[in-house]
Amino acid sequence: MTASTALRRRSHETWLSRRYTTLAGELAAAEHFADALACQTMADVHRVSAVLWTKASGAHDPVETFFDLASQVMRTVIGIAPRDAVDPGSALASTRAALAGALEGFNLPISFTAPPWLTRAPQVHTEQWRRSVLGEVQWKDYVDSMLVRAGEQSGPERAAGAVMAYLVQIAGAAGDDSMMTATARWLLISSEVDPESGVDLLAAARKVLGAVEWVRMAPIRTLLGL
């Protein structure tokens, strides 16, 4: 990968951070505060990723350098993800402190601005993410059953099943038992759908996931003929 490609990855991460921040504000305005917290957390993670791509762009192997840095950063925030009933402001502050602290080790300063909606956000129950996505099943069982159901459907329903199966699979494999990331990513993908402009769910998913993850999703798309 060239430095210019790494910088394009950074641009994509920056775009994701901005879109998640905007979506978080829209969800908070509709009083969906738990989902707003999920999206704002994802916005912060992608902002950190943009910083890491900037640093990696000057390395001999930008991809390996990025993923090495990213794995080290994310190890520091494992267990920080909010669980059960939380104050959104406190939960977000804890995550941001962990992210900023991890970047300090690489001499990469970063600062975050508190979203205005936090001042009126009530305590939220984050278990709703997992319940809303998985119901009462485990993530692996959800993925298997969703792929079977999607294979029996067509059109938009099949595409939706494929996307959700992938998002849950990635979240589960990464240890996100709360399904916060799957929730936020589904919300953003859904918000990018624009039938008038010819952007269907799969096109929106490709836009949000980016080139690397679109390739990672290929086995599911192939399985379902998408």
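Met164 counts as buried because its relative accessibility is 10%, buried meaning under 20% relative accessible area, exposed over 50% and partly exposed in between, with a 1.4 Å probe and protein chains only. The model is predicted, so that local features need pLDDT of at least 70 and side-chain atom pairs count only at pLDDT 80 or more, whereas totals for chains, interfaces and linings use all residues. Residues are numbered from 1 along each chain as its sequence is written, and side-chain values use heavy atoms, with hydrogens and water left out.

Met164 lies in helix 7, helices being DSSP runs (H or I, at least four residues) numbered from the N terminus. Not counting residues up to four places away in sequence, Met164 touches Val133, Tyr142 and Trp186, where contact means heavy atoms within 4.5 Å. Its C-alpha atom is separated by 7.9 Å from that of Met146, 18 residues apart along the chain.

With residues up to four places away in sequence not counted, the contacts of Val168 include Val133, Trp139, Tyr142 and Met179.

Arg221 is placed in helix 10, residues 218–223. A polar atom of the Arg221 side chain lies 2.8 Å from the backbone oxygen of Trp214, and Arg221 also touches Val215 and Leu226.

Key:
Helices (H or I, at least four residues) and strands (E, at least two) are DSSP runs, numbered from the N terminus. A polar contact is a pair of N or O atoms within 3.5 Å; within protein, one must be able to donate a hydrogen and the other to accept it, and residues adjacent in sequence count only if both atoms are side-chain atoms.
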